[in-house]
Amino acid sequence: MVKIEPYQKSEEEMNMAAMVETMFSVREKPWHGLGEIIQEAPASEDALRLAGLDWNVI
């Protein structure tokens, strides 16, 4: 019988930065606690705006 040890995060993984500037999530708070939480999934155009991705490439 092989004994399997539970996975343990490294110090680096536990201190990992979210590196998030803008974002949203639906109904649940993400692990990093950042961004706007909304209750219903938005349409594509609204999702881009909420995520801060509604910019134009020139």
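In which helix do Arg49 and Asp46 both lie, and how many residues apart are they? Select the two residues: both belong to helix α2, three residues apart, which is about one turn of the helix. Helices are DSSP runs of H or I with at least four residues, strands are runs of E with at least two, and both are numbered from the N terminus.

Before going further, please note that this is a predicted model, in which local features need pLDDT of at least 70 and side-chain atom pairs count only at pLDDT 80 or more, while totals for chains, interfaces and linings use all residues. Residues are numbered from 1 along each chain as its sequence is written, and side-chain values use heavy atoms, with hydrogens and water left out.

**The whole chain**

Next, colour by pLDDT, the predictor's confidence in each residue on a scale from 0 to 100. The chain averages 78, and 69% of the residues score at least 70. Confidence is highest in α2, at 90, and lowest in helix α1 (residues 11-14), at a mean of 58. Where pLDDT is low, the predicted coordinates should not be read in detail.

**Helix α2**

Return to Arg49 and Asp46. They form a salt bridge, with the closest N and O atoms 3.7 Å apart; the term denotes a side-chain nitrogen of Lys or Arg within 4 Å of a carboxyl oxygen of Asp or Glu. Arg49 has a relative accessible area of 47% and is therefore partly exposed; Asp46, at 34%, is also partly exposed. Here buried means under 20% relative accessible area, exposed over 50%, and partly exposed in between (1.4 Å probe, protein chains only).

**The loop between β1 and β2**

Select Arg27, which is found in the loop between β1 and β2 (36-38). Although Arg27 is not a glycine, it has a positive phi of about 65 degrees. Because its relative accessibility is 52%, Arg27 counts as exposed.

Glu40 forms a salt bridge with Arg27, the closest N and O atoms being 3.9 Å apart. This pair links distant parts of the chain, 13 residues apart, with Glu40 in the loop between β2 and α2. The count of salt bridges comes to two.

Now select Gln39, which is also found in the loop between β2 and α2. Leaving out residues up to four places away in sequence, Gln39 touches Val26 and Arg27; contact means heavy atoms within 4.5 Å.

**Strand β1**

Is Ser25 buried or exposed? Select this residue in strand β1 (residues 24-26): its relative accessibility is 12%, so Ser25 counts as buried. A polar atom of its side chain lies 2.7 Å from the backbone oxygen of Glu28. Beyond its neighbours within four places in sequence, Ser25 is in contact with Pro30, Glu36, Ile37 and Ile38.

**The segment after α2**

Finally, select Trp55, in the segment after α2 (44-50). Trp55 counts as exposed because its relative accessibility is 56%.

Key:
Polar contact = N/O pair within 3.5 Å; in protein donor to acceptor, adjacent residues only side chain to side chain.
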